[in-house]
Amino acid sequence: MSQGTPPLWEFVDICKAYPGVLANDKVCIKLLDGSIHGLLGENGCGKSTLIKTLSGVQQPDSGQILYKGKAVQISDPQDARDKGIATVFQEFSIVPTLSVGENIFLGNMPKTRFGVIDWKKVNESAAAVLAEMDVDIHPEAMTGTLSVGEQQLVEIAKAVAMKARMIILDEPTAALGEDEIERLHQLLRKMRSQGTAILYVSHRLDEVERIVDEVTILRSGRVVRASGETEINVSQIVNAMVGEDISEHYPKEHNATSEVVLRASHLSTKNGVHDASFDLHKGEVLGLGGVLGSGRTEIARALFGVDALTGGTVTLNGAPLKVRHEIDAIEAGLALVPENRKFDGLFFNFRASGNITAASLGGLSKLGILDLKAEDEGTLRLIEELEISPQAEQKTVNFLSGGNQQKIVIARWLFSDAKVLIFDEPTQGIDIGAKIAVYKLINLLTRAGKSIILISSDHDELLAMSDRIAVVQHGSISRTVPASDLTHDDLVRASAAQLTHAATEERQ
Amino acid sequence: MKRVFDSQLIGPFAAMVIVALVVAATTDRFLNPGNLSNLSLQVSIVALIAIGSTIVIIAAGIDLSAGSMVALLTMILAQFLKMAGIPLLFAVPLILVVGGLLGLVLGMITAYGRIPSFITTLAALIAFRGLALTFNNGSPIFSLDPALEPLFYGKVAGIPMPFFYLVFFYALAAFTMNFTKLGREIYAVGGNPAAAVLTGINVRKVQTLTFVIAGFMTAVGAVLMSARLNSGSPNYGQTLELQAIAAAVVGGASLAGGRGNILATLMGAMTIVIVQNGLNLNAAPSSVQNIVLGAIILLAVGIDMWRAEISSILGRLFGRSDQSVKTASPAKPALSKDA
Amino acid sequence: MKRVFDSQLIGPFAAMVIVALVVAATTDRFLNPGNLSNLSLQVSIVALIAIGSTIVIIAAGIDLSAGSMVALLTMILAQFLKMAGIPLLFAVPLILVVGGLLGLVLGMITAYGRIPSFITTLAALIAFRGLALTFNNGSPIFSLDPALEPLFYGKVAGIPMPFFYLVFFYALAAFTMNFTKLGREIYAVGGNPAAAVLTGINVRKVQTLTFVIAGFMTAVGAVLMSARLNSGSPNYGQTLELQAIAAAVVGGASLAGGRGNILATLMGAMTIVIVQNGLNLNAAPSSVQNIVLGAIILLAVGIDMWRAEISSILGRLFGRSDQSVKTASPAKPALSKDA
Amino acid sequence: GDYPTPVPLKDGAQAAISSIAPKNDTFRIAYMPPATEFNYYIAVGEGIKSVGKEAGVDVFMLAPQSGADINGQMGMIQDVLTQDVDAIIFGTHDEFAAAPLLKKAVDQGIAVLMINSDIPDFPTPIHGVVGYSQRNGTRAMADWAVQTYGDQKVKVGIIEGQPGYHSTERVGGFLEGIEGNDNFDVVVSIDGKWNVEGGNTAGMDILQSHPDLDLVFAANDYMIIGASYAAKALGRSDLVMLGNDGDTSGLEEIASGNITATVNTSPYLMGKAAMSATLDALNGSFPGGWIETPTSIEDQAGAISVLQEPEKLFPQPSKQY
Ligand SMILES: Nc1ncnc2c1ncn2[C@@H]1O[C@H](COP(=O)(O)OP(=O)(O)OP(=O)(O)O)[C@@H](O)[C@H]1O
Ligand SMILES: Nc1ncnc2c1ncn2[C@@H]1O[C@H](COP(=O)(O)OP(=O)(O)OP(=O)(O)O)[C@@H](O)[C@H]1O
Ligand SMILES: [Mg+2]
Ligand SMILES: [Mg+2]
């Protein structure tokens, strides 16, 4: 980094307040050409706020934005584009009802001489961008019909297509598998070598370690470590983020017994589960590993009665379990913490109590009348036990941080006293502190003799927190091995082995 | 009790009181006991129907069919009484069942047929009136039964009967929505149907039930309409569905689902009826009535939407600290899809 | 061109053809040229208004105000012509501007006031009719201008004038929606407003513009209504908004926003009018007309919703493999909020 | 035919009877009232049908549901014009809207008669108009009221229909009739929307705002029926309640004492007269012009005697009188 030339973009003392919070407090940050800059911190520390300011979505309350040393204003998202900033936002910003090609160029569609949209060029250019990213998606496909991971790739393609000097990625990998992440990193390295400045946000500190050149760490809206003040390794970063020493990131307890609680034999569904079989032991954490779209979520859905079984059987404690609806599974003691808590998990019109008791209304009522006292007591107990923010019962849950929200979804199944819990990506998008809280919760549950199926695309987490791991390929379980027998590389390789198949299948 | 009389009631209650004060200031006839009992008569039909509309709205649906269903049910009741000779004591419960069944059909088409309720009930709005016209050559049927009228005009201890129906059904509905499993499930389904499915709630059944309730309450309204006018007619109930929705909305129910309070709907219905009564007492032409009603709907929702801004402005005016304002305003996601 | 005549047109087109065949089978008067030119007259007003309704729906809004706005605008036009003595040549463009301005007000209240469009336009539905009643003591104004009628009844080369308006405005609208920045922004705003904001689309402006377009097209409809009836009346246009929405919906527009095709709306409007014409030719009573119209709305949406199931059943009946079915059905998120 | 002698229409409003050129051996006649929502037009239709049946002709009715749906009615007239009808008997709330289409009908050789109207100057020439004088009917009602109650102070409330020709004429006729009588004092006048519901609400509100009312006049029977329930609810059995139409249900309400009197316009007989004239027109024996059908004021005794002749009524009374 040459000292003489000013950084491409620089924030000086940027402040931004929302009602009740100072989300950015005198933040300073320098973004350099040809450098990948990691922006890290706990949930709610102000990362996305900073990014929205830089992308013109909102104006700072005070402070200066410098472009090559000159103060400028970024008045709106279009202005940010014009100034060469491309952003992949944390929230999905694709339009499901439009084609992939149109999404990629939304906002600056190629036009003919007559100012009319040039659809041929839209599709050709989109195809070129997708090819550059080594992604196999058809530009004329309706975006809403793609899988979550594919949609995320389209988001990234939007930013890539702009050929911007500065590219910002706010948790781009939350919905991606190891393989996609690796391909994304390849692309980012290539862009870096071409001189692009990159700002990168992720809660997956392992991947941060792999790719970023420098980090800035925020806590409660302030910069606690500026670029260059911290070594780029996970424990150093965590210390800076959380403000205290965390000795163990994966506080795994081994509580597995040999008693089989649940046995799935030859499960099949219309949604892509084929002949999947596995056992789950009492007190065990069984990890499901596999690439994106391998069918892990679908196996969970099959067990929980969301998708009907077209074949196979499930036995619970030796007795056959017939699940036709979700309620059958719940009554049998199963629980599902879905992979997308915002869309499938939380009731934003309820406070903590309504969310926590939602799956237990039957048990909580006599002759259809709710026992509100029991509800309040149970809620308060769980709020205390799980160290959920005491705010949780004061307001509706949309005010809570991601970590607290996730704990509430889990608390729902503690309240219902589920015996078998399926956690689908339970730590997605939550910070390291909250992650550790979830891990401790997992220990608490297994210690109490409950069994857990853990689905996670974070291989380190999966390896560390599982007792055994079942590798999922094409909706079936290719093998089940003790977690200690697997390494990160094994999992990547196991996943990679099926990539060629997956690619051909997607094309059909 | 805290649950039933929660903060959602304050706004609609304040609106009602303000409107009543304004009306009382314009005419001294407003507060006379005769007029007040008049009000309870006039609000009764729309307020009873609005119970159903509110519950459907809380479950993120909408019911446009109520007005036409009233017409259809008054005609069926008339047929029962005049043609089939069914005694009143059986005919009335029968009509309530028919209303519930019509609601069941609409609910099943919506929930199991996956057709947006706006469409289902729009189709019903049109078709029910057509069905009503198939009876008696489309002519009204008058003088149904001498025992029918007292259902509406009768008094007990000097208090008009409809007052008791209001108390009964509103108490029942408020209880159901706040203290029963079904009520909680309705809020859950309206708040997030996907999450409701995954917590084992039978979403389609719950959605269907909201329409059954709406059909039943519409039937209650239809019986009162028949009693009020001692007749059945395919023309009755026009725009009643809009008035009922307006009552729910003025009472703060959100068309996005998950939010709404039964008692606030009663306040909303009262507000609307007080305004109409006030305008009638002052012999305002129907043009003014329409304009004022439109403005009230807009204002009520506007005040609800802009609560944060308004209290921040008030706060600034009266020099309160910014802090107190924050807790008062439930922030909405900035980019919610509400257009 | 592929964009304009895309697969979304097939369903509505098929529906229209089937309905036309059925009607033609019941009466030999349907296909006579006089009747066909009749059809273009009858469809014109609702079809022109439906352009605006469709665009508002694509942007995830809804416009309930069109019918009342027609009444208001016919009264204003009548005032212009009879009281203010403004010549027709100025009065007509002026009305189109007034329509656009009314749309602007509704759009701004919705988009900038953050009030759901259902509420804004429900309030307008009520208030506009009130406003229309303030003119001329609420009485209709007759015999506006001898030059007005030919706007509707005139013919060029034997083809009724409204046919040309239809061609012009539908071509313009289809072009705008498919080939211009504004059109694509409308789709984006309806499909995902949050995403649209982040891509630099001025969502509020776009939403507002859809209402301006709707107001303008409603004004076009109002001018034709005045020309057709050579009068203005506060009673005109009742339920026109529902017919226009029905046309859009029968044409496959989704009330959830982001989906809809302008030309399909024309097919939808034609389908409805052909049915009405067929019923009229067979002198069906208004009861049957209402019932059939309700059924058609439900069927059209139902067929669209159940496309996957229907083609799977058809596939099974005709022994096609299950595979072909999958590609035909655009997968929906399994747990989408569709009640 | 069996109808009063027609009065000539205004200059230029009379279409030549000789222009009528029936196409069918069995006449096809369209009856097109403004709406099916008013019982009144159904009764007229029954009168038309009964004569038609006797003469062995084809009669069909086509009308929108709502009287406000003028656009819908115009569509229906257009659709009928493409069919081979020999005569159209129509009523409308908007004669200017209908004029161009009816001109076309007359040009096609169709016999065109207007029903339930008293205008001598329809904007385009037509063959005949059948109806009672709206203004004369309610003026007679006012005269009757003055005669019956004029010796004391009478505070009058009026329930109008939605603004338009019918409301203007009927309310105007009533006001003309009481004009000059110092004892009659109109204290309130509001819209009852032509229907029972609207009449009921209007009744409640005017009785509330003017508890001193003695007499309520409504522009049709439905509204006064609605108002009568309001009066009953408020314990006001002393009120004089007056309507207009002679609807069967209105007459029955008078017979039972809920309403005081109405202008009996005998819609069923009006329909019979119109059909007779139409058939004559098709046969060339109708001279053209306005047929004024008779009206009468019926109080309780009168209503009972009308109800005793159910063959002149539609719908039939609910019991025998
Ligand atoms: N639109 C908003 N209105 C009010 N408060 C907001 C808004 N957006 C964010 N906040 C608050 O501002 C703070 C910073 O939020 P921000 O989204 O920037 O955090 P983040 O670091 O991106 O967190 P995460 O890791 O969970 O994405 C939080 O307390 C959040 O609740
Ligand atoms: N709603 C749906 N309808 C049809 N097919 C679907 C649906 N959801 C997912 N699929 C398909 O099912 C397969 C598995 O989906 P998914 O990506 O959710 O797998 P996964 O194993 O849960 O992956 P991850 O957990 O990493 O997201 C993919 O081929 C996907 O396209
Ligand atoms: Mg963030
Ligand atoms: Mg998954």
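Helices here are DSSP runs of H or I with at least four residues, strands are runs of E with at least two, and both are numbered from the N terminus. With that in place: just after helix α11 of chain B, B:G252 takes a positive phi of about 95°.

Some housekeeping. This is a predicted model, where local features need pLDDT of at least 70 and side-chain atom pairs count only at pLDDT 80 or more, while totals for chains, interfaces and linings use all residues. Residues are numbered from 1 along each chain as its sequence is written, chains are lettered from A and ligands numbered from 1 in the order in which they are written, and side-chain values use heavy atoms, with hydrogens and water left out.

I'll stay with chain B for a moment. Helix α11(B) covers residues 240-250, and ten of its eleven residues are buried, where buried means under 20% relative accessible area with a 1.4 Å probe and protein chains only. Among the buried ones are B:L240, B:E241, B:I245 and B:V250.

Next, ligand 1. Which residues come nearest to ligand 1? They are A:N43, A:K47, A:S48, A:T49 and A:H203, out of 14 residues around the ligand; a residue counts as near if one of its heavy atoms lies within 4 Å. By class, that shell holds four nonpolar, seven polar and three charged residues. The classes are: Ala, Val, Leu, Ile, Met, Phe, Trp, Tyr, Cys and Pro nonpolar; Asp, Glu, Lys and Arg charged; the others, Gly among them, polar.

Now the polar contacts, meaning pairs of N or O atoms within 3.5 Å. A backbone N or O atom of A:G46 sits 3.0 Å from a ligand 1 oxygen. For A:T49, a polar side-chain atom is 2.5 Å from an oxygen atom of ligand 1, and for A:H203 the corresponding distance is 2.7 Å. Taken alone, ligand 1 exposes 630 Å², and the protein buries 70% of that; the areas are Shrake-Rupley values with a 1.4 Å probe. Two elements of chain A give two or more residues to the shell, β2 (21-31) and α1 (47-54). The largest share, three residues, comes from α1(A).

Also in chain A is an open sheet of four strands, ordered β12-β11-β14-β15, with antiparallel pairing. Strands β12 (276-281) and β15 (319-320) of chain A stand at the edges with a single partner strand each, so one side of each has no neighbour in the sheet. Pairing requires at least two DSSP bridges. Between β11(A), residues 260-269, and β14(A), residues 309-316, there are six, and A:R263 stands opposite A:T315.

Last, chain D. Is strand β4(D), residues 111-115, mostly covered or mostly open? Mostly covered: five of its five residues are buried. D:A111, D:L113 and D:I115 point one way, D:V112 and D:M114 the other. In a regular strand the side chains alternate between the two faces of the sheet.

β4(D) runs parallel to β3(D), residues 87-90, over four bridges, with D:A87 partnered to D:A111. It also pairs in the parallel sense with β5(D), residues 128-131, over three bridges, where D:L113 has D:G128 as its partner. β3(D), helix α3(D), residues 95-107, and β4(D) make a right-handed β-α-β unit. Right-handed means that, with the strands pointing away from the viewer, the path from the first strand over the helix to the second runs clockwise.

Technical notes
A polar contact is a pair of N or O atoms within 3.5 Å; within protein, one must be able to donate a hydrogen and the other to accept it, and residues adjacent in sequence count only if both atoms are side-chain atoms. Buried means under 20% relative accessible area, exposed over 50%, partly exposed in between (1.4 Å probe, protein chains only).
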